[in-house]
Structures are given as structure tokens and as C-alpha cells.
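Here is my note for someone opening this entry without any background. The points are numbered, and each can be read with the structure in view.

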Amino acid sequence: MSEERGNTKDRGDKTEAKIIHEMISYGYSVSIPFGDNDKYDLIIDDMGDLYRVQCKTAWQNKKKTMRFNTHTQTTKGGNYHENTYDGEIDAFVVRYPGNKKTYWIAIDEATEQKMELRFEGKIDHPSINWAEEYEFDGEIPPKSGS
């Protein structure tokens, strides 16, 4: 079955399961909050340092980029709402099915609404977020201010 098949909930569940497996494989303890009321999907325990993580599935945006949402979308009482994760999570852990890699993006490095990571390009500009800089290699980057 293709990773692209299924609804968004199915894709999200697959991403979350693969991220849990990867974190456990690297030796981290992973906790899953009860219910769907928290903005974070997982809590990653790095020897006592706890990280509230929101799992995301990226999609190909342009030929050499991937993109993922950095906001929530909900409907309440027939009204559409978008909210950021500021103050609610420590990081996004993003899985890109196109290359089966995982990326760790601290909340203070994420852009609003959507974030694009570039795989390659001919120019190097401060506004470009290079995918390789966020690729998860088993080491959680220290929290800001640590």
C-alpha cells in the first residue's frame, strides 16, 4: 500500500508510529498523552529532558522542496480556526515519505503556517531552510537557552 493512500488521519497515524519506532530505536523513552486534547502528539524523554513533540507528515511542494503545516486547523460550531503551536510544543518531528527521513525542527525555528525545507538549490540565502540542517540523526538538539 502506498504511503500516499488513505486519509489524513491514516497518514498522521503512520507518521506517528514510524517516529515512535525511530525514537525508541535510538534509545529514547516515548510517552503518548491520553486523549486528543493536547497540542503535542508525543513526549520524548532524553535522560530527564522532556520534549513535547508534534508529529507532521511533509509533502513535496516543488521539485526540490518539502513542506509541512506549522499550525492546527479545527472547526468548532461551524467556524474554521487556525492556531499556532507557540508555547504548546518544543519541536516538530517531521517525516517525509519521499525519502523516508525524519527532521527535528525546534518550535522557535519554525515558520508560521507552513514551513518549507529545501533539498538543493543554486543560491544560498538566509531565508532558505535547508533540509540537511534539520535531518534527525539520533541526537536531539538542545532546547533554546540550554
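1. Does Lys100 count as buried or exposed? Lys100 counts as exposed, because its relative accessibility is 58%. The cut-offs are these: buried means under 20% relative accessible area, exposed means over 50%, and partly exposed lies in between, with a 1.4 Å probe and protein chains only. Lys100 sits in the loop between strand 8 and strand 9. Its phi is positive, about 60 degrees, although Lys100 is not a glycine.

2. A word on the source. This is a predicted model, in which local features need pLDDT of at least 70 and side-chain atom pairs count only at pLDDT 80 or more, while totals for chains, interfaces and linings use all residues. Residues are numbered from 1 along each chain as its sequence is written, and side-chain values use heavy atoms, with hydrogens and water left out.

3. Start with the fold elements. The chain has 1 helix and 10 strands. Their order from the N terminus is α-β-β-β-β-β-β-β-β-β-β. Helices (H or I, at least four residues) and strands (E, at least two) are DSSP runs, numbered from the N terminus.

4. Next, the overall dimensions. A compact globule of 146 residues would have a radius of gyration near 15 Å, and the chain agrees because it has 15 Å. That radius is taken over C-alpha atoms, and the globule rule is 2.2 Å times the number of residues to the power 0.38. Along the principal axes, the C-alpha atoms fill a box of roughly 45 × 45 × 35 Å.

5. Now burial and surface. Of the 146 residues, 37% count as buried. The chain exposes about 9300 Å², and carbon and sulfur atoms supply 46% of that area. Areas come from the Shrake-Rupley method with a 1.4 Å probe; for residues, only the protein chains shown count as cover.

6. Charge comes next. There are 20 positive and 27 negative side chains. The centres of the two sets lie 9 Å apart. Lys and Arg count as positive, Asp and Glu as negative; His and the chain ends are not counted. Each charge is placed at NZ of Lys, CZ of Arg, CG of Asp or CD of Glu.

7. Which residues of the largest nonpolar core touch the most other members? They are Phe68, Phe92, Val94, Tyr103, Ile105, Met115 and Leu117, in a core of 17 residues. Strand 5 (65-69), strand 8 (91-96), strand 9 (101-106) and strand 10 (114-118) each give two or more residues to this core. Strand 8 gives the largest share, 3 residues. Another core, of 14 residues, lies apart from it, and Ile20, Tyr51, Val53 and Phe136 are among its members. A nonpolar core here is a set of buried Ala, Val, Leu, Ile, Met, Phe, Trp, Tyr and Cys residues joined through side-chain atoms within 4.5 Å.

8. Look at Met115 in strand 10. Met115 counts as buried because its relative accessibility is 0%. Beyond four places in sequence, Met115 touches residues including Met66, Phe68, Ile105 and Tyr134. Contact means heavy atoms within 4.5 Å. Asn129 is another of its contacts. Met115 and Asn129 are 14 residues apart in sequence and 8.4 Å apart in space, C-alpha to C-alpha.

9. Compare Val53, which lies in strand 3. Val53 is also buried, at 0% relative accessibility. Its contacts beyond four places in sequence include Tyr40, Ile44, Val93 and Trp104.

10. Strand 2 (residues 42-46) holds Ile43. Why is Ile43 partly exposed? Because its relative accessible area is 23%. Leaving aside neighbours within four places, Ile43 is in contact with Ser29, Val30, Ser31, Leu50 and Tyr51.

11. Met47 lies between strand 2 and strand 3 (49-57). Its phi is near 50 degrees, a positive value in a residue other than glycine. Met47 counts as exposed at 83% relative accessibility. Gly87 is in the loop between strand 7 (79-84) and strand 8. Gly87 also counts as exposed, at 62%.
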